[in-house]
Amino acid sequence: MRTVDNRLISIAGDHIRHWQPLDKDSSTSTHIQVPIHDNSGRWGAVEVSFKPLGGNSFIFFRGGSLISVIVFISISGFVVYWLFLKRALNELDPSAVVPDRVRAALNVLAEGLVILDSSGRIVFVNAAFEHKLGQPAQTLIGKNLSVLDWKSANTEGNAEPCILPWQLALDDIEAKPTLLTLCTTLNEQLRFAVNLMPIQAPDGKIRGIVVTFDDVTELDNKNTDLEQALSRIKHSQREITRQNRELQVLATRDPLTGLLNRRSLFEGFATLLSEAYYEDEILSCIMLDIDHFKLVNDRFGHAAGDTVIKLLAKILTETARSNDLVGRYGGEEFCIVLPGVNEQQAAYIAERMRLVVDKVKRDESTGAIPFTASFGVSCVAGGKTTPEFIIDLADKALYHAKESGRNQVTRWSVVEHSGNTAKHKVQDTVQETPPIISEPELLSDSDTTEITTEQQLHHRIAELEALICTQSAQGVTATNKSSDFPNQIVLIDRITQGIERSSRLNSRIAVLFIDIDTLQVIRNTQGEVAAEKLVKLLAARLKTTLRSTDTVAIDGAENIGVSVSHVNSGEFAVLLTDMQNEESATWIIQRLFASLNEPVQLEGTEVFLDARVGASMYPDDGKDPDILLTNASLALREAKATLGRDVCLYYSKEMNLRSKTQLRMEGELHRALERNELFIEYQPVVSMKTGRIASFEALLRWRHPELGLVSPEDFISIAENAGLIENIGSWVLENACRQLKAWQIAGHDHLTMAVNFSAVQLRKPELAERVLSTVEQVGILPTSLTIEITESALIQNFETAESTINALSRAGMRISLDDFGTGYSSLSYLKHFPIDVVKIDKSFLHDFPDHAHDTAIVSAIIAMVHSLGLHVIAEGVEVDRQLQVLQDLRCDSIQGYLFSKPISREQATALLASPSNIRRRVWATASSDMSVDNAVLAGVLNNAPKRGSAA
């Protein structure tokens, strides 16, 4: 007991040693202090100390707080519970939730299967997945599947993290099947195709995921091996193709000149000769050699002689046609085979070659080496003969040319007819003025068939001699066994020549493979003889279709070279050369289909044909004959696998699309007239003298229901190529004339109408009669109709166009030359044709009058046209400045957006009803004080002739 003043009144035990002063007199679990009070306040206290329970283990409670006890108990309970759960998870198998029957069924699966819980932990692993990973299932259960070394198979080498599909599914995001790569503990790279299926509770929440792993590692390895093997095979094929090409060149080509060697020349010659025999066509041969070649070698050496030979070979290749065979016969001798050419035409070709040789004999490529060549020409018109016999005749003509002075062309028929077999002394000098065969002789049709009776007898004797030679000699054949068409040597040579020619002229060639399934059917049912007869009928039809260029409505079609070859039992190869654009091939193929759709009469039975075409184009699809042939064959294979009739596929996808677009537009255009989709707009032509509308130009338009307004530049060419332009042109002419009649009845007697005619329409001799008939039926005067033609339309068929235009002009119609200045022979057209009106092309008005060059051209055209007494119209006038300068240049009429764009019939009628607006604008511009600041223009104005112009 202790008083307030800290005096111990009573003590028991070792109190002094165990007692510790309390902080603020607060009792603890081991020290208790009980205060004692009297009437005056606190008197003292009883102090009791206890021995700590458990020694130092209860030091945690020295704070004396009950909260500390509660916290201690909570922590202890959590630790014990955590240890219990851990022990339970280690002891229990989560896969036990899967029934044994289900487990057995899942273990049978060949693909790996894993079941995940809602946290992505593995609950079950089947035996297949366990085997793939090489880890026991016990080590995988309870792990998160994402901790394995997964990578995306599609983004290997990508630094971005891989988003695993089951993670997306657990986040309720749709996950698609994907490819994943897993690196196992054994460092194996496995590739899996991963699919998954969410396990959903009744409330829709995802409770887990079933993931399947299909091992595609072996499949990918096999695919990789196959790709490598395929790459090696392709490389080997390319190498084999290259070596075959080299071997083919070595076997068929002369190593010095690159021309056909003698053996290949005879093979190709036999092919073309057999073809000419069965088709009763003409074939000619040219033999030539270098004059005094031994002197060239003696004076300049053999190297210079080789240079001369190579130069001559180059000249022959460049001047020969694509269908001709050019070969080196031996030494300095060359031979050229010309199918479809008579002797006189061949002589003209030979003369053209001789002139080129004579012109370049001192070319830089040969230094100062002079050389010339002599030519001998022979011909066969039908009949069975041999290449050796024709070459012998040409060689005799060549011998006569060399004996007669060298550097000239000699025809065998002339030598044979004259009977001049005397030998002449060989001259050492070149003949300076050799006879020239003019081009009109080549183009004369009468010479092609005009053969005297004596010449026919000589030819017949030659044929009989050739038959004897054929029976006694073995010879070589170069045709296919089942046909008599050009073989591979001739076909490749023609493609090679076509490529060389196209590279020089910047043109296109097409290689077409045509497959006729009906041929094999006929061969199987009616025999080989009937099949061969059908082959010849088909070839004749193909050649007739392709060579009738006067009916092919394609720009430059007259210059397109064509050759047909029969390559195997049911296929033909067609070579198209000198095409200006790829679209020409599409229209020619359409004509082929139209021709082949007509049945063939075979032994009294109608045979219907089913054709497929594969095409390749130079240079887009290949720059080598073998590549072009291969690509055309591949395109044909795809065409044969395509359903439908008249299927044509190009090797190029882009060309396929363009071809389909062309054909689709053609089909739509066929129905455009029936659907009333075509209509006419009218653009006024204003007279500068009267200030009123003097004429309208009828312009065709097409409003397609899906494509909208189609540009005339797009569909006019399609109409021409599809054979629709005549019907469409007649429709435009009739409707334009009827509209003109309606305006004239309404009081516009002065008005005229201009109608455009295409090149295809001008090719028809009956065009003039049809136009005059339409004018008469409508009831308008011929003088009120203007026929507009372009320079390109005139150049395509000069003779027919001249006849038609002269007939229309004599009837009183005015002829207008459109787009003047953009063609090649504008001035010659003004001379040969009865032109009344010249329209300056709008391209010259683009920078007029600001650009001095265009201003000078327009000024010169107007002055020249006026000097010829013709009417001149300027197209494309858009601003007042152009109008004022054209008035100063005394241009007769103006057409352009300044006054009106092409408008409908109703708008044109309204424009005619209010002429004052146009008249005021014309007169206001004419009276304006706008200076002419162009010196060239001022000079033309000062020197322009005084003349009146028709309204």
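**Briefing on a predicted protein chain**

Among contacts in the protein chain (heavy atoms within 4.5 Å) between residues at least 6 apart in sequence, 66% join residues at least 24 apart. The structure is a predicted model, in which local features need pLDDT of at least 70, side-chain atom pairs count only at pLDDT 80 or more, and totals for chains, interfaces and linings use all residues. Residues are numbered from 1 along each chain as its sequence is written, and side-chain values use heavy atoms, with hydrogens and water left out.

**Overall composition**

- The protein chain contains 34 helices and 30 strands; these are DSSP runs numbered from the N terminus, with helices being H or I of at least four residues and strands E of at least two.
- Of its 951 residues, 46% count as buried, where buried means under 20% relative accessible area, exposed over 50% and partly exposed in between (1.4 Å probe, protein chains only).
- The accessible surface of the protein chain comes to about 49,400 Å², and 53% of this belongs to carbon and sulfur atoms; such areas come from the Shrake-Rupley method with a 1.4 Å probe.

**Aromatic rings**

- The whole structure holds 12 aromatic pairs; rings of Phe, Tyr and Trp (its six-membered ring) pair if their centres lie within 6.5 Å, and planes under 30 degrees apart count as stacked, over 60 as edge-to-face and the rest as tilted.
- The ring centres of Phe129 and Phe192 are 6.3 Å apart and the planes stand at 45°, so this pair is tilted.
- Because Phe129 lies in helix α4 (residues 127–133) and Phe192 in strand β8 (residues 189–200), the pair ties together parts that are 63 residues apart in sequence.
- Phe129 is buried, at 1% relative accessibility, and Phe192 is buried at 1% relative accessibility.
- Phe192 also pairs with Phe213: the centres are 5.7 Å apart and the planes at 80°, so the pair is edge-to-face.
- This second pair links distant parts of the chain, with Phe192 in strand β8 and Phe213 in strand β9 (residues 206–215), 21 residues apart.
- Phe213 counts as buried, its relative accessibility being 1%.
- Ring pairs connect Phe129, Trp150, Trp166, Phe192 and Phe213 into a cluster.
- The charged end of Arg262 sits over the ring of Tyr329, 4.1 Å from its centre; the criterion is NZ of Lys or CZ of Arg within 6 Å of the ring centre and within 35 degrees of the ring normal.

- Strands β8 and β9 pair in the antiparallel sense over 9 bridges, and Asn195 has Thr212 in β9 as its bridge partner.

**Strands β1 to β3**

- Strand β1 (residues 2–3) pairs with strand β3 (residues 41–49) in the antiparallel sense over 2 bridges, and the bridge partner of Arg2 in β3 is Ala45.
- Strand β2 (residues 31–38) runs antiparallel to β3, joined by 8 bridges, with Ile36 opposite Gly44 in β3.
- A hairpin connects β2 to β3 through 2 residues.

Terms used. Two strands pair if DSSP finds at least two bridges between them.
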